[in-house]
Amino acid sequence: MIYRFTFALLLSLAALMPSTQAATLETLRQTYQEARDTVSSIQRPVIGSTGFQEKLETWADANRQSQESARALLPALLDHWMTPAGDNDVKEEIKEVCAHLAGGSQTEQYNNAKSFFARTAWPLLAKSELDKDQAEFLAGMIKPTGRSSVSELLARFGQPTEPQGWDVQAAYALALIRSGKEKQARDQILMLHAKVSANYKANPEGGLDYGPEAGDARYRNYVDYLQLCEVLHGLQASISDDQEGGKDRIKRAKKLRDQLSPEASMLIAEIDR
């Protein structure tokens, strides 16, 4: 399809340009809007209708490209919003793109969108350059759904649960730390630690696959998250001027495995300082 080729070309060109350039952001916005307009113009076929399979493939292809354009735009919007010249109104645009990515609540698409946003926001949260308003906005966007409360209840009794939303809860805890909400952050870290520990005890070799769209962050295992919980505790201790507590948490993390997980590694330099 000509449209598919054009979309792929625009997306590739945009990805090659520095994300901080205004021209790149405008290109990604235009590509996103065109993709949304295209999928909106295609009526989702009714099962059993004439040419259903072909129409469904056309609609699915346009919808997939619309989702891809949203995933390409969101990091650029966040980068722009984080710069000194960033427009605060971009927050509403970020919300709109996230809503498009998520679709209906409590669906696999919704959970995948939450996970994508958490992965995208993590490097920003790890930089420690956020002001309180920025951190609170990210915390509000990342906040886990109520579904996690069931797994947390089971984890308190040492029962393993489906390892869903761990990346979201970790990012939420970090956003709370950056917001200065120590108690809420500690509660999130403890709850996540309990869930990961229960699963690790039941299956030490357990791992997670976040799918090809996660890129380098596709595969994570339970040790990654055990380490991350220790490092998050360590970061909070260091920020509270408990340097010995911070160092102790890093020692615990490295006892689990010498090599730290990628997410934990981003926080180590700050704890060392």
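**Salt bridges in a predicted model**

R29 and E26 sit 3 residues apart in helix α2 (residues 22-40), so about one helical turn separates them. Helices here are DSSP runs of H or I with at least four residues, and strands are E runs of at least two, numbered from the N terminus. This is a predicted model: local features need pLDDT of at least 70, side-chain atom pairs count only at pLDDT 80 or more, and totals for chains, interfaces and linings use all residues. Residues are numbered from 1 along each chain as its sequence is written, and side-chain values use heavy atoms, leaving out hydrogens and water.

**Overall count**
- The whole structure holds 13 salt bridges (a side-chain nitrogen of Lys or Arg within 4 Å of a carboxyl oxygen of Asp or Glu).

**The R29 network**
- Salt bridges link E26, R29 and E93 in a network.
- R29 pairs with E26, with the closest N and O atoms 2.5 Å apart.
- R29 also forms a salt bridge with E93, at 2.8 Å from N to O.
- R29 is partly exposed at 21% relative accessibility (buried is under 20% relative accessible area, exposed over 50%, partly exposed in between; 1.4 Å probe, protein chains only).
- E26 is partly exposed at 43%, and E93 is partly exposed at 22%.

**The R178–E270 pair**
- R178 and E270 form a salt bridge, 2.7 Å from N to O.
- R178 lies in helix α8 (residues 166-178) and E270 in helix α12 (residues 262-272), so the bridge ties together parts 92 residues apart in sequence.
- R178 is buried at 13% relative accessible area, and E270 is buried at 17%.
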